[in-house]
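Have the sequence and the 3D view open as you read.

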Amino acid sequence: MTINNSKLISPGSTIKDIMFDRGIWLEELSKILSITETEAENLLAGTYEIHEEMAAKLSQNFGGSRLFWLKREREYREWLSAKKKEST
């Protein structure tokens with residue numbers, strides 16, 4: 001799959017938007033998702049890879065399907081990989 005976006009938004013950016021809309025802070029996010037605050041920070045920064053279980057938690061708590069979150073994650077990782085190859 002080729003992704004031509006010059007900049008692809010990470011799933012973490014979407015989560016940040018939802019948090020802002022709902023008035024959720026980092027500590028609450030970590031509790032909602034049953035992860036540490038450091039993992040929550042990494043999720044928002046795009047360095048925590050979303051796996052099946054996390055996708056299910058995101059779907060349950062923030063909407064979108066499990067497949068939506070997994071697809072966003074896959075596309076974001078593909079984009080990062082392509083960007084890395086371009087710079088080498």
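How are α4 and α5 oriented to each other? They are oblique to each other, a label for angles that are not under 35 degrees (roughly parallel), over 145 (roughly antiparallel) or 65 to 115 (roughly perpendicular).

## Before you dig in

This is a predicted model, so local features need pLDDT of at least 70 and side-chain atom pairs count only at pLDDT 80 or more, while totals for chains, interfaces and linings use all residues. Residues are numbered from 1 along each chain as its sequence is written, and side-chain values use heavy atoms, with hydrogens and water left out.

Helices here are DSSP runs (H or I, at least four residues), numbered from the N terminus.

## Where α4 meets α5

Helix α4 covers residues 52–62 and helix α5 residues 66–86; their axes come within 8 Å and cross at roughly 125 degrees. Axes are lines fitted to C-alpha atoms over the stretch in contact, and angles run from 0 to 180 degrees between N-to-C directions. The crossing is right-handed, as the near helix is turned clockwise from the far one by less than a right angle.

On the α4 side, the contact (heavy atoms within 4.5 Å) is made by E52, A55, A56, L58, S59 and F62, and α5 brings R66, W69 and L70. By class that gives six nonpolar, one polar and two charged residues. For this sorting, Ala, Val, Leu, Ile, Met, Phe, Trp, Tyr, Cys and Pro count as nonpolar, Asp, Glu, Lys and Arg as charged, and the others, Gly among them, as polar.

## α2 against α3

With axes 9 Å apart, α2 and α3 pack at an angle of about 100 degrees. That makes α2 roughly perpendicular to α3.

## The core

The largest nonpolar core has 18 residues, and I15, L29, L33, L58, F62 and W69 have the most contacts inside it. Such a core is a set of buried Ala, Val, Leu, Ile, Met, Phe, Trp, Tyr and Cys residues joined through side-chain atoms within 4.5 Å. α1, α2, α3, α4 and α5 each supply at least two residues, with the largest share, four residues, coming from α4.

Take F62: leaving aside neighbours within four places in sequence, F62 is in contact with I18, R22, I24, L29, I32, L33 and W69.

## A tucked-in serine

S10 sits in the segment before α1 (11–22). At 8% relative accessibility, S10 counts as buried (under 20% relative accessible area, 1.4 Å probe, protein chains only; exposed is over 50%, partly exposed in between). Beyond neighbours within four places in sequence, S10 contacts L44, R72 and Y76.
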